[in-house]
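Open your viewer and get ready to select residues by number. Each stop tells you what to pick and what to look for.

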Amino acid sequence: MINFLKKITENFIQKISNKFFLNQIFQRNLDDLKLQNGQLFSFFLKTNLKNIKNLDDVSFKVYSQNNEDAILEYLILSLKLKNIKFIEIGTEDYSESNTRFIYEKYNCDGLIIDNTKNLTSKISKLLHIWKGNLRIEEEFVNKNNVNTLIDKHFPNKSVDIFSLDIDGVDYWILKELPDNLSKIIVAEYNPYFGPDLEVTVPYSDNFNRTEYHSSNLCFGMSLRALINLMENKGYSFIGSASLRSNAFFIKNEFKNLLSLEDIDTSNLKDYTNAHFRENKVNNLNYTEPAENINIIGECKVFNLKTNKICKINQLF
């Protein structure tokens, strides 16, 4: 009986292993097809660079959440970047991220940082790490350790692309970074704070979006706060990804290399008009963007105009 049960268990484990292995092969093949499609789009983009007037004009997706792949490729081609170096903070398992297409296409030099457990192992199953120089740090990033983590891999603090998306104290981390860290910066903002408020969540070393408010709607910084911070660092706002939650900036000295029209930053309504579902109360039931600010009205934020903490509903 024992041998019989042992045999059944071994067969069951073998079936699971085979299925898992086949799933890995299928995923790798699917990812290869995505990469090939991305390369075709890149070729088309290269022949039409001068016709791009707005970041909404570039709209292909390979591994990013929306059209971040296309926007970064447009910027790489426009700036004629070679031997690309990048840093991305907030990647989860890297299956859906802003820099993966860049790494896969250019086999370049990159650093990704996230506190996902067994991060290196998970990424190794997704892509061929050996094709480039991809450094992986399994760390929870805060304003006290971010520069140390970057120094460990890029001691001169000079890269081509920097991306930040940690759903939390992004403002305070960006503020700590050197002004000349990167030519291009991608940073997440909270569109539900609207076009005019200059606010961010208060700083905490261990900020957790869900714990801060159960709706998951109170996190990060407003677009206005982000633009003002980046302008002080010598960057220009050039637009947002299609979902209206990731903003793109370029160092001022490179702006003349782009075909983009200037953006009137006095009116940011188009860049905060987000319609994706984030409210996790009642199983992600959709709420109108205008309603979301009322849902988090009692949340405390740091008002950057007054340098004081207040409730959101006190700002209206």
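**Before you start**

This is a predicted model, in which local features need pLDDT of at least 70, side-chain atom pairs count only at pLDDT 80 or more, and totals for chains, interfaces and linings use all residues. Residues are numbered from 1 along each chain as its sequence is written, and side-chain values use heavy atoms, with hydrogens and water left out.

**Stop 1: confidence**

Colour the model by pLDDT, the predictor's confidence in each residue, from 0 to 100. The protein's average is 89. A score of at least 70 is reached by 87% of the residues. Now select residues 1–10. Their pLDDT stays under 50, and the model gives them zero contacts beyond four places in sequence. Contact here means heavy atoms within 4.5 Å.

**Stop 2: the cores**

In soluble globular proteins, nonpolar side chains tend to be buried together. A nonpolar core is a set of buried Ala, Val, Leu, Ile, Met, Phe, Trp, Tyr and Cys residues joined through side-chain atoms within 4.5 Å. Buried means under 20% relative accessible area, exposed over 50%, and partly exposed in between (1.4 Å probe, protein chains only).

Select I87, F162, L174, L223, L226 and F249. Within the largest nonpolar core, which has 52 residues, these touch the most other members. Helix α8 (residues 223–232) is the top contributor, giving six residues. Helices (H or I, at least four residues) and strands (E, at least two) are DSSP runs, numbered from the N terminus.

Which residues does L226 contact, leaving aside its neighbours within four places in sequence? Show L174, A187, E188, Y189, M221, A247 and F249. Then move to a second, separate core of 42 residues, which includes I52, I76, Y103 and I123.

**Stop 3: helix α8**

Return to α8. Seven of its ten residues are buried. They are L223, R224, A225, L226, I227, L229 and M230. Just after α8, select G234: its phi is positive, at about 95 degrees.

**Stop 4: helix α5**

Select α5 (146–153). Its buried residues are V146, N147, L149, I150 and H153. Look down the axis of α5: these residues fall within an arc of 160 degrees, so they line one face of the helix. The arc is that of the directions from the helix axis to the C-beta atoms. On the other side of α5, T148 and K152 are exposed. The cover over the buried residues of α5 includes β1 (85–89), β2 (109–114), β3, β4 (159–164) and α6.

**Stop 5: two loop residues**

Where is N142? N142 sits in the loop between β3 (133–138) and α5. N142 is buried, with a relative accessible area of 12%. The side chain of N142 reaches the backbone nitrogen of N144 at 2.8 Å.

Next, select P195, in the loop between β5 and β6. P195 is buried, with a relative accessible area of 18%. P195 and D270 are 75 residues apart in sequence and 8.4 Å apart in space, C-alpha to C-alpha. P195 touches R224, L268, K269 and T272, leaving out residues up to four places away in sequence.

**Stop 6: aromatic rings**

Rings of Phe, Tyr and Trp (its six-membered ring) pair if their centres lie within 6.5 Å; planes under 30 degrees apart count as stacked, over 60 as edge-to-face and the rest as tilted. The structure holds eight such pairs.

Select F41 and F60. This pair is stacked, at 5.2 Å centre to centre and 10 degrees between the planes. F41 is in helix α1 (residues 2–46), while F60 is in the loop between α1 and α2 (68–79). F41 is partly exposed at 43% relative accessibility, whereas F60 is buried at 7%.

Now pick F86 and Y103. Their ring centres are 6.5 Å apart and their planes are at 80 degrees, so the pair is edge-to-face. F86 lies in strand β1 and Y103 in helix α3 (residues 100–106), so the pair ties together parts 17 residues apart in sequence. F86 is buried at 0% relative accessibility, and Y103 is buried at 0%.

Finish with F101: ring pairs link F41, F60 and F101 into a cluster.

Terms used:
Polar contact = N/O pair within 3.5 Å; in protein donor to acceptor, adjacent residues only side chain to side chain.
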